[in-house]
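Student: I am new to this model and would like a close look at one part of it. Please begin with the overall picture.

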Amino acid sequence: MNMAERGVVRAIASEEQEERRAAQNGSAVKMRARGVDVFYGDNHALQNVDLDITRDEVTALIGPSGCGKSTLLRCFNRMNDAIPGCRVTGEIVLDEEPIYGGGMDVEQLRARVGMVFQKPNPFPKAIFDNVAYGPRIHGLARRRSELEEIVERSLTRAGLWDEVKDRLDEPGNALSGGQQQRLCIARAIAVDPEVVLMDEPCSALDPIATARIEELIWELRGRYAIAIVTHNMQQAARVSQRTAFFHLGVLIEQGPTDEIFTNPRQQRTSDYITGRYG
């Protein structure tokens with residue numbers, strides 16, 4: 001058996017092992033990326049990435065700046081479509097349905113796969129209208145009472161209801177930074193998505209607000225498949241059940257978070273986690 005054949009055998013064995021682990025954990029795959037490459041013009045930003053986002057779990061994407069984490073995250077709801085010169089190849093499926101191609105309604109995809117960005121970005125609207133925006137445009141509520149119920153439920157799940165229930169008519173951007181980020185999370189989950197993507201949701205927040213967002217992520221686990229990009233190793237260890245490590249556009253290693261952090265299989269993973277580079 002030559003080196004190429006041995007590489008194929010190892011890759012198949014690794015994939016089978018990951019599938020067995022997911023089955024043992026009772027975690028089915030919600031989104032699957034296979035052979036994904038992303039190009040920004042001539043820049044090959046992501047190379048042949050295979051990654052599963054499992055149901056009812058938090059998957060952390062870690063790695064140095066510029067390694068492709070956020071690029072992959074944006075592939076999952078086709079946010080890269082808006083970037084001139086960006087080209088995505090390979091396959092990404094949501095519940096076995098390919099998300100790239102003519103058969104997928106991108107607007108509906110983004111309702112099913114919500115996103116929370118690095119900096120809080122509430123709309124210049126009232127708190128109530130921020131959360132109600134998605135349900136309104138997707139026709140999820142026929143009556144005002146139904147809309148009020150969705151807003152209250154979303155703000156409650158985001159841990160914000162008790163803090164804002166008496167001032168829903170106030171502007172969303174008048175809230176503190178941590179409250180604004182929880183408002184954005186409430187807005188994302190108001191349309192009842194199946195997947196929630198978070199791109200460094202705590203990087204602009206103070207430690208107290210960060211702790212509250214981490215508690216919220218933990219509480220939301222089980223309702224949604226969650227993927228989070230973070231540079232904070234401690235945060236990844238605290239909030240995730242699965243971790244994927246990227247370096248220079250390549251997915252180096254993935255697996256259960258405790259194994260990645262305590263017994264990584266690749267030297268580059270160990271070097272990054274222990275702070276030898278970053």
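Student: Among contacts between residues at least 6 apart in sequence, what percentage join residues at least 24 apart? After that, please look closely at helix H4 (residues 127-137) and what it packs against.

Tutor: Of the contacts (heavy atoms within 4.5 Å) between residues at least 6 apart in sequence, 65% join residues at least 24 apart. The model is predicted, so local features need pLDDT of at least 70 and side-chain atom pairs pLDDT 80 or more, while totals for chains, interfaces and linings use all residues. Residues are numbered from 1 along each chain as its sequence is written, and side-chain values use heavy atoms, without hydrogens or water.

The protein has 11 helices and 10 strands, which are DSSP runs numbered from the N terminus (helices H or I, at least four residues; strands E, at least two). Of its 278 residues, 49% are buried, meaning under 20% relative accessible area with a 1.4 Å probe, counting protein chains only.

Now to H4 itself, starting with helix H7 (residues 177-189). The axes of H4 and H7 come within 7 Å and cross at roughly 30°; axes are lines fitted to C-alpha atoms over the stretch in contact, with angles from 0 to 180 degrees between N-to-C directions. H4 is therefore roughly parallel to H7, since angles under 35 degrees count as roughly parallel, over 145 as roughly antiparallel, 65 to 115 as roughly perpendicular and the rest as oblique. The crossing of H4 past H7 is right-handed, that is, the near helix is turned clockwise from the far one by less than a right angle. On the H4 side the contact is made by Ile 127, Asn 130 and Val 131, and on the H7 side by Leu 183, Ala 186 and Arg 187. By class these are 4 nonpolar, 1 polar and 1 charged residues (Ala, Val, Leu, Ile, Met, Phe, Trp, Tyr, Cys and Pro are nonpolar; Asp, Glu, Lys and Arg charged; the others, Gly among them, polar).

H4 also packs against helix H5 (residues 144-157), at an angle of about 110° and with the axes 9 Å apart. H4 and H5 are therefore roughly perpendicular to each other. H4 passes H5 in a right-handed crossing too. From H4, Ile 127, Phe 128, Val 131, Ala 132, Pro 135 and Arg 136 take part. From H5 they meet Arg 144, Leu 147, Glu 148, Ile 150, Val 151, Ser 154 and Leu 155. This contact has 9 nonpolar, 1 polar and 3 charged residues. Ile 127 and Val 131 of H4 take part in the contacts with both H7 and H5.

Note on methods: Buried < 20%, exposed > 50% of the residue type's maximum accessible area, 1.4 Å probe, protein only.
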